[in-house]
Amino acid sequence: MSKITQGAFSFLPDLTDPQIAAQIEYALEQGWAVSLEFTDDPHPRNTYWDMWGIPMFDLKDAAGVMGELKACREAHPDCYIRLSAFDSTRGWETVRLAFMVHRPKQEAAYRLARTEGPGRVQHYSVVRA
């Protein structure tokens, strides 16, 4: 079964914790706030992931984010966890970087059934192997 591909680095092998920490350091050097989100439904149309705490606007090094990531992984081992970095320098929150930092041992698989008619209706279902 193929892995879910969303966000930056999605077609590369999963990043190690030191590689994740390096990306967090980069985001913090840019002045971006970092947040963690998790879900058990990573379908691209699911835009409502649960937040792990609040965005970390005041952090200055990756260790704080990595500590929160560890806690989120322990609390939600069977969920997908995504890290997002927000740029608020222009007065609005803009996602500048987002990527998966944790996957469940068993990846979700999706089937998309399309129905043609006046307009387009799309249905999807999660299939777990």
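The model is predicted: local features need pLDDT of at least 70 and side-chain atom pairs count only at pLDDT 80 or more, while totals for chains, interfaces and linings use all residues. Residues are numbered from 1 along each chain as its sequence is written, and side-chain values use heavy atoms, with hydrogens and water left out.

**The whole chain**

Along the sequence they follow the pattern α-β-β-α-β-β-β-β. Of the 129 residues, 37% count as buried, a term that means under 20% relative accessible area with a 1.4 Å probe, protein chains only.

**Strand β3**

Next, select residues 80-87, which form strand β3. Eight of the eight residues are buried, so the strand is largely enclosed by the rest of the structure. Show the side chains: Tyr80, Arg82, Ser84 and Phe86 point one way, and Ile81, Leu83, Ala85 and Asp87 point the other way.

**The partners of β3**

Then select residues 94-102, strand β4, which runs antiparallel to β3 and is joined to it by seven bridges. In this pairing, Ala85 stands opposite Leu97. β3 and β4 form a hairpin with six residues between them. Within the turn, select Gly91, which has a positive phi of about 95°.

**Ser84**

Return to β3 and centre the view on Ser84. This residue is buried, with a relative accessible area of 4%. Leaving aside neighbours within four places in sequence, Ser84 is in contact (heavy atoms within 4.5 Å) with Ala33, Val34, Ser35, Glu37, Leu97 and Ala98.

**The largest cavity**

Finally, select Lys3, Gln6, Ala8, Phe9, Ser10, Leu12, Pro13, Asp14, Leu15, Phe99, Met100 and Arg103, which line the largest cavity. On a 1 Å grid over the protein atoms alone, a cavity is a set of points where a 1.4 Å probe fits but cannot get out, and lining residues have an atom within 4 Å of a point. Its volume, the space filled by probe spheres set on the points, is about 80 Å³.

Terms used:
Buried < 20%, exposed > 50% of the residue type's maximum accessible area, 1.4 Å probe, protein only. Helix = DSSP H or I, 4+ residues; strand = E, 2+ residues; numbered from the N terminus. Pairing = 2+ DSSP bridges. 1 Å grid on protein atoms, 1.4 Å probe; cavity = no way out; pocket = protein on both sides within 12 Å on 5 of 7 lines; lining within 4 Å.
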